[in-house]
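Please read these points with the model open beside you. They go from the contact between the chains to each chain in turn.

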Amino acid sequence: MANTDLEAVRWRKTRNLMLTCLTIWVLISFVVNFWASALNSIVIMGFPLGFYMAAQGALIVFVVMLFWFAATQNRIDDQHGASEDL
Amino acid sequence: MALRSETNDFSKTLGRVFAVYTGGFIAFVALVAILERIGVPGPILGYMFVFFTIGIYALIGILSRTMQVSEYYVAGRRVPAFYNGMATAADWMSAASFISMAGTLYALGYDGLAYILGWTGGYVLVAIAVAPYLRKFGAYTVPDFLYARYGGKLASIIGIVVLMSCSFTYVVAQIVGTGLIAQRFLGMDYTVAVYVGLVGILMCSMLGGMRAVTWTQVAQYIILVIAYCLPVVVLSAQKFGLPFPQLTYGWVLQEIAAREDGLVQQGLATAAQLGVNAAGDYGHSVPFVRSDMVNFFGLVLCLMVGTASLPHVLMRYFTTPSVREARMSVAWTLLFVFFLYFTAPSYAAFAKLEVYSNVIGHQVSTLATDPSVGWLFTWGKIGLVKICGVDAVSAKDVLDACAAIPNHTGVIRYADLRLDNDAIVIATPEIAGLPYVVAGLVAAGGLAAALSTADGLLLAIANALSHDIYYKMINANAPTARRLLVARLLLIVVAVAAAWTASFRPADIVNMVAWAFSLAAAGLFPALVLGIWWKRTTGIAAILGMSAGFGVTLLYLIASRYYPVWGVEVLGFSPFMDTVVPGTAAAVVAAAQKVAGFNAQAPEWQAFLAAVAKDPAAAFAVKQGLGLDQLIVAVKALPAPLRDAGLAAANASPAVHSNVGWFMFGSGIRNISAALFGLPAGFLVMVAVSFVTPAPSKELQAFIDEIRKPSGGVMMSERSG
């Protein structure tokens, strides 16, 4: 029974992590770029911010997020006895 | 523990091998540069590049040959996360990404960034929702998973249909890309180049399957990323003293904006040509001018979800040693893809500034003698640059063409110059004043991009046929040797069919590649995601949902592109732009006038003109409020020969192709984003049918629990060979 509880907790954490990442993905892909025209009035190192977010900013967030996701999910699995026996 | 240290040793060996390889490649580039200095002619250097690199891929392919099923299908599941990331990046980045994307960004400005966002952000979905779970299941192919999760053959067959329809056009496009690159850089005959490419692809994939493809893709990634970045890095260093174009192109964007103002003031361009929004802002960095917001975000969504559904990408994650490595591998993939995709907009910006500063505003008469714009003619000769509507082949052609334009002042205006999308990456080495060796390097990079993607796609198609159809449905008792023989034969058949199709240079194929994302998204994504995340999803629901999503998307694509008249009549399509109806009406009139016995005074014809034209004298200005549907009704009212010719002309009119369809949030949805309809259809049908059908069995629910848990090893049992 303890094992099933542990698995339920692990799956809840896994699902929450997925939903967290999905939310960030929606924000960065769609919500931020929705305001691109307004953001373009801010210019950093020549880059209009709206343009920068779609061309580079969003991509950097995606890359960092995926490394963070992989590390966090692997830790969740380790802590709940679900990691692979290597 | 033993396995982990073994994996580490393997990684270290791989690190040494690929470090030597990279060093060797750089030494080879240096050698070619020296040969160029001592006067070896360009085309020979180009051939050296192509044959040296293809030779290396073939060598890796031959060294990686295998007679084991698991090696052939999933590279023995021994590919470390880092290298699988590199291989997937090469698998992912196609000829179009390498050669055409910078040109798309040049042409569309901000709105082209939909491709950059879409083709990177999709990996978030791959990592969090799909790939690690499929890896845990232990599939060889994507239809494998559908077979197990959704109770057998039917689900698997629908998966194979979706897979084939999105992968085959895609692989043909890669082979077309191979032919074009070899033709442009080496002056090789196109058809010959296509078959040389075919040999290159087969050498990489046939003997070693996934194992060989993996290691050649790693080798190809290294070449393509060096080749892509070098020219624009040099350009940035020349202009700003900083070899980081990704940082410095912000200043380029500012200069572009200043030049754009100058062009408009000098009357060389209009704001509308540069792309203007409702607030009157125009230019490269202004969002939502070439594409409205709904279509921009619709395309982003379709490309992202498509990325997370394309079988040739997903199957790469089946090759990692563990679920945790699969997760990490997606992150590495995105990093390696990122290197190219965050460089692409800088290519577009540097090229645009060059064009705005040195080409637009140039006297036509001195264009051909000015060496700083010599690249226009180099690439005009092969059809990549048009000036005043003609290929920039010689000074005289261009002069004559411009002189023939009424009121032309003899100065190049914005509207006079047309660059092919492929021209930007191809011409940049010459714009930067780099020696030929760099152009050869870019050609090798483009070939690497095309071949690596073609390998992955071919394997996805052939493996679905050999594993999912032959082995699982036709001959489940086939011995290993037989299975591998069938797999290889099918690979050859598919590859030859693809090369044969490519040899006709099908123009539509390249456009159809963009459709692959919508087809994969609507056909596979709901079934994959719900299959993992919602236990209640039933087999029959998945079958109906996949069919509905794929069917709606395919119907939308085909109808809006090939059968617009039928789309308007039956599906209720509407035109997207003001020009669609008049353009179609003009095509109908032109066709009718060619019909034998055409009588302009006939009362039926006069009635037709009265119906469609506000003023018959003012060409085909369409009566206020006349829609495409009414035009079709008017055509149908004509007598038989005119009616048939008119309907055929309406259907074939370029004005309506891909310019009709359904509306969403007030915008006509372009067919490239067809999954905006197919995806909700797929999800809705799947959820609705799941609720009215009996829940999956206890065993299947336990099976899903297992998929969700990394521990316990792969679940798909497989006789080892």
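Two residues are in contact if their C-beta atoms, placed from the backbone, lie within 7 Å.

1. **The contact between chains.** Chain A puts 37 residues into the contact, and chain B puts 42. On chain A, at least two residues each come from α1 (2-34), α2 (36-39), β2 (47-48) and α3 (49-79). The top contributor on that side is α3(A), with 17 residues. By class, the side of chain A that touches chain B has 24 nonpolar, nine polar and four charged residues. Here Ala, Val, Leu, Ile, Met, Phe, Trp, Tyr, Cys and Pro count as nonpolar, Asp, Glu, Lys and Arg as charged, and the others, Gly among them, as polar.

2. **Ground rules.** This is a predicted model: local features need pLDDT of at least 70, side-chain atom pairs count only at pLDDT 80 or more, and totals for chains, interfaces and linings use all residues. Residues are numbered from 1 along each chain as its sequence is written, while chains are lettered from A and ligands numbered from 1 in the order in which they are written.

3. **Chain A.** Its pattern along the sequence is α-α-β-β-α. Helices (H or I, at least four residues) and strands (E, at least two) are DSSP runs, numbered from the N terminus. The radius of gyration of chain A is 18 Å, well over the 12 Å that the globule rule gives for 86 residues, so chain A is more spread out than a compact globule. That radius is taken over C-alpha atoms, and the rule is 2.2 Å times the number of residues to the power 0.38. The C-alpha atoms fill a box of roughly 60 × 25 × 10 Å along the principal axes.

4. **Confidence.** The model scores ipTM 0.96 and pTM 0.94. pLDDT is the predictor's confidence in each residue, from 0 to 100. Chain B has a mean of 90, with 96% of its residues at 70 or more. Over residues 615-624 of chain B, pLDDT stays under 50. Where pLDDT is low, the predicted coordinates should not be read in detail.

5. Of the 19 residues of α15(B), 17 are buried. A residue is buried if 20 or more other C-beta atoms lie within 10 Å of its own, exposed if 12 or fewer, and partly exposed in between; C-beta atoms are placed from the backbone.

6. **One glycine.** Is B:G713 buried or exposed? B:G713 is exposed, because 11 other C-beta atoms lie within 10 Å. B:G713 and B:F137 are 576 residues apart in sequence, but 8.4 Å apart in space, C-alpha to C-alpha.
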